[in-house]
Amino acid sequence: MSQRRRIPGLFAPLLLVVAAGATSLGATAAAAEPAARARPLSQVIPAPASVSEGGPSYALTPRTRIRVDDDSREARRIGSYLADVLRPSTGYDLPVTARDARDGIRLRLGSKDASLGDEGYRLESGRHGVTITARRAAGLFHGVQTLRQLLPAAVEEDTRQRGPWTVAGGTIKDAPRYGYRGAMLDVSRHFFSVDKVKTYIDQMALYKINKLHLHLSDDQGWRIAIDSWPRLTTYGGSTQVGGGPGGYYTKADYREILRYAASRHLEVVPEIDLPGHTNAALASYAELNCDGVAPPLYTGTNVGFSSLCVPKAVTYEFVDDVVREIAAMTPGKYLHIGGDEAHSTPHKDYVAFMDKAQAVVGKYGKTVMGWHQLTGAEPAKGAVAQYWGLDKTSATEKAQVANAARNGTKLVLSPADRAYLDMKYDKSTPLGLAWAGYVEVERSYDWNPGAYLPGAPAESVLGVEAPMWSETVWTNDQVEYMAFPRLPGIAELGWSPAATHDWDTYKLRLAAQGPRMSALGIDYYRSPQVPWPAE
């Protein structure tokens, strides 16, 4: 079930000040609805593809059951997940059963509607219950997230609350715009425990994000155990930015993250950043350095100073071992090899290295991902470039990426001045960086992934991702403050039809999420651009 916390948060005093200003902007526009009034079907995030409102509503009662098909193990698992979310706050038993009942919540797999794809669903609500239908388990799970948002925010509490628990009548038919909707967590600059990662996974899942990109290695720390190179973690993972104790994931830890992500229908994308951002590896093994001398561990925040030794054969033995071991554990399609800010690698060496590294990824059955600097080399067939430039990035660099896209390279869009969750909201933000500028909530939402990069075919865009770099964050409260409320907006850009993207209506739907985030213990930033209700 969702992991909930009741910690006031590091920034509670600051948030109270911001909230006071935000409330005065428009509490009437997003005032908390009376408990007895059902939330409109259209007031969820991400915005559904199609909504038909009307008809009698359905109210959960002590007699409500969660009905699943008799032979569907996946539907039963999702039903149990839903029951775990709803039981603490409602106090109802909510048995998960294959037996018929007069009313209740029904979860059905096996829809013949091809337009739903692998992640779409249909939700129908009426007097006698709510039925969610999907072709695949992921779609059923996403439909359950919509159902959660249609219930009062208090349903997210972990103690019994007063109802009623009413779902408005009508029908939602929904499927994602893009198949790749991601969030990245940098566990290298600061290390995050397995439990902290699980908390973030639960928060991502509520907004139908389906990819967790883990940045597992950098100059400041190596975070994934590699049996054939054990000092990568025992030494290279022993510290972090600022000189703290660091940490790393054992293979059992990593598999637990994979298992938990899969239970929330997220695919994990592991990243080993190469050939730059490698000081932790270079410090761990002297032979990876061209001069055979290991540098000291690094706990600062500069970039671009490290590089693997491209001419050495041992470099490719290292790459092969690392990719082989990670690929063997990872069921997902992608393996990210970084490739950004390799300022200490001559261009000719960079091209030669990326050719060999991409071949290794393919050798072990994975699709190559890399930051968009990969397009300065020769992207492998089927490779994915993750664009992290700015609106003001040079036309030449943008053209290089667009040209690769026209030649078959797929794109995931993470423009730093739109999607980077570690950018400050404004000059007063106590966390984060500002090298890409200030990124308030409207700016993070108000762009179109399909038309963002000039010259790149719309069909080359796989989706979007919101990276969280961790130079300045190391606790869950800090991650939440920087991610929320921007992450739901990026999720909507990835899921919802472009025609639904409208800031003036979105900010009202976002405001209505405030009580839900509070109920979940999320320490979100009360942006003055959003008319949050008084809580």
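The model is a predicted one. Tyr525 is likewise classed as buried, since its relative accessibility is 4% and the limit is under 20%.

The structure contains 22 aromatic pairs. One of them joins Tyr425 to Tyr525, with the ring centres 3.8 Å apart and the planes at 25°. This pair counts as stacked because its planes are under 30 degrees apart. Distant parts of the chain are linked by this pair, as its members are 100 residues apart. Tyr425 belongs to the loop between helix H11 (416-419) and helix H12 (441-445), whereas Tyr525 belongs to the segment after helix H15 (503-519).

Other aromatic residues also deserve attention. Trp371, Trp388, Tyr420, Trp435 and Trp469 are linked by ring pairs into a cluster. Charged groups also sit over rings: the charged end of Arg526 is placed over the ring of Tyr524, 3.9 Å from its centre. Arg231 lies over the face of Tyr235, where the distance to the ring centre is 4.6 Å.

A covalent link is found elsewhere in the chain. The model has 1 disulfide, formed by Cys290 and Cys309 with their sulfur atoms 2.0 Å apart. The link of Cys290 and Cys309 is right-handed, with 100° about the S-S bond. Its partners are 19 residues apart, Cys290 and Cys309 each being in the loop between helix H7 (279-284) and helix H8 (313-329). Cys290 is exposed because its relative accessibility of 56% is over 50%. Cys309, by contrast, is buried at 4%.

The barrel has 8 strands in the order S10-S11-S14-S15-S16-S17-S18-S19, with parallel pairing. Within it, strand S11 (residues 211-215) pairs with strand S14 (residues 267-274) in the parallel sense through 5 bridges, and Leu214 stands opposite Pro270 in S14. Helix H6 (residues 251-263) lies across S11 and S14, and its direction is at about 140° to S14. Helix H9 (residues 347-363) also packs on this sheet, touching S14, strand S15 (334-338) and strand S16 (367-371), and makes about 160° with the direction of S15.

The open sheet consists of 7 strands in the order S1-S9-S6-S7-S5-S3-S4, and its pairing is mixed. Strand S1 (50-53) and strand S4 (96-97) are its edge strands, each pairing on one side only. Strand S6 (residues 121-126) runs antiparallel to strand S9 (residues 170-174), to which 5 bridges join it; Tyr121 has Asp174 in S9 as its bridge partner. Helix H2 (residues 73-90) lies across strand S3 (66-68), S4 and strand S5 (104-109), running at about 150° to S5.

Tyr92 is found in the loop between H2 and S4. Tyr92 is buried because its relative accessibility of 16% is under 20%. Leaving aside residues up to four places away in sequence, Tyr92 touches Leu60, Thr61, Pro62, Arg87 and Trp165. Tyr92 and Arg160 are 68 residues apart in sequence, with a C-alpha to C-alpha distance of 9.4 Å.

Note on methods:
Residues are numbered from 1 along each chain as its sequence is written. This is a predicted model: local features need pLDDT of at least 70, side-chain atom pairs count only at pLDDT 80 or more; totals for chains, interfaces and linings use all residues. Side-chain values use heavy atoms; hydrogens and water are left out. Two strands pair if DSSP finds at least two bridges between them. Helices (H or I, at least four residues) and strands (E, at least two) are DSSP runs, numbered from the N terminus. Contact means heavy atoms within 4.5 Å. Axes are lines fitted to C-alpha atoms, for helices over the stretch in contact, and angles run from 0 to 180 degrees between N-to-C directions. Rings of Phe, Tyr and Trp (its six-membered ring) pair if their centres lie within 6.5 Å; planes under 30 degrees apart count as stacked, over 60 as edge-to-face and the rest as tilted. Buried means under 20% relative accessible area, exposed over 50%, partly exposed in between (1.4 Å probe, protein chains only). A charge sits over a ring if NZ of Lys or CZ of Arg is within 6 Å of the ring centre and within 35 degrees of the ring normal. A disulfide is a pair of cysteine sulfur atoms within 2.5 Å.
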